[in-house]
Amino acid sequence: MAGKVGIAIALGALLLALPVPPPAAGQGRLRDGVQFPAESFDFATWDPVLKRSPDRGWRRWGTPETVDRVQLVLREYRDDHPDGARVLVGDLSRPQGGYFGARYGGLGHASHQAGLDVDVYYPRRDGLERAAFRPSQVDRRLAQELVDRFVESGAIRVFVGPDLRLRGPRRIVTPLIYHDDHLHVRYGPPPD
Ligand SMILES: [Zn+2]
């Protein structure tokens, strides 16, 4: 048993160390993407697989509009909470977009393929700059405020944890399993 686990860990480490293969044909692509910064005065980034800050650089690419909008939301949030913890931003997309599934660690992402999706971790009640690992650790008031701000910023979808009772316009804010530690924001495609 321990041997199998050891082999699985070794394989996982090997996969993480391999260069990132190009996206398969027919999946979402990201052209002219920009990298989301590792951190700023307003936010830090979080690697959901290695469970540490910052998130690895190849996991945080988005369209320029997505990257700008998220930073603007977090700057405004920070202005109103200057003494609170910085918000943690998780995965966006790979540098050229495409498949970002379980092969890249953790549960993987069904979407996150075109630089239009971003994960944002809920603020914690204890103010630590880490992802919450239980819904009870989430500051629901601040989490709701983030949901509201992302809806206001033009998100077409915000997935939220079923246990957190976060609210918003029904066509946009949708409870989804595995979102009790982060919200998932999706923006619409940029105009041609
Ligand atoms: Zn997501």
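## Basis

Residue numbers start from 1 along each chain as its sequence is written. The model is predicted, so local features need pLDDT of at least 70 and side-chain atom pairs count only at pLDDT 80 or more, while totals for chains, interfaces and linings use all residues.

## Overall fold

The chain holds 3 helices and 8 strands. Both are DSSP runs numbered from the N terminus: helices are H or I of at least four residues, strands are E of at least two. Their order from the N terminus is α-β-β-β-α-β-β-α-β-β-β.

Of the 192 residues, 36% are buried. Buried takes 20 or more other C-beta atoms within 10 Å of the residue's own; exposed takes 12 or fewer; partly exposed lies in between; C-beta atoms are placed from the backbone. Among contacts with a separation of 6 or more, 65% join residues 24 or more positions apart. A contact means C-beta atoms, placed from the backbone, within 7 Å.

## Strand β8 and its partners

β5 (residues 117–121) pairs with β8 in the antiparallel sense over 5 bridges. Pairing requires at least two DSSP bridges between the strands. β6 (residues 157–160) also runs antiparallel to β8, joined by 3 bridges.

## The nonpolar core

The largest nonpolar core has 37 residues. Such a core is a set of buried Ala, Val, Leu, Ile, Met, Phe, Trp, Tyr and Cys residues joined through C-beta atoms within 7 Å. Val89, Val147, Val158 and Leu183 have the most contacts inside this core. At least two residues each come from α2 (64–80), β4 (87–89), β5, α3 (140–152), β6 and β8. α2 gives the most, with 5 residues.

Beyond its neighbours within four places in sequence, valine 147 touches Val158, Val160, Leu166, Gly168, Val173 and Leu183.

## Helix α3

α3 has 13 residues and reaches 18 Å from first C-alpha to last, close to the expected 18 Å. The expected span is 1.5 Å times one less than the number of residues. Ala143, Leu146, Val147 and Phe150 are buried in α3. They lie on the same side of α3 because they cover an arc of only 100° around the axis. The arc is that of the directions from the helix axis to the C-beta atoms.

Arg141 and Glu152, on the other side, are exposed. Cover for the buried residues includes α2, β4, β5, β6, β7 (173–175) and β8. After α3 comes glycine 154, with a positive phi near 105°.

Conventions: Contact = placed C-beta atoms within 7 Å.
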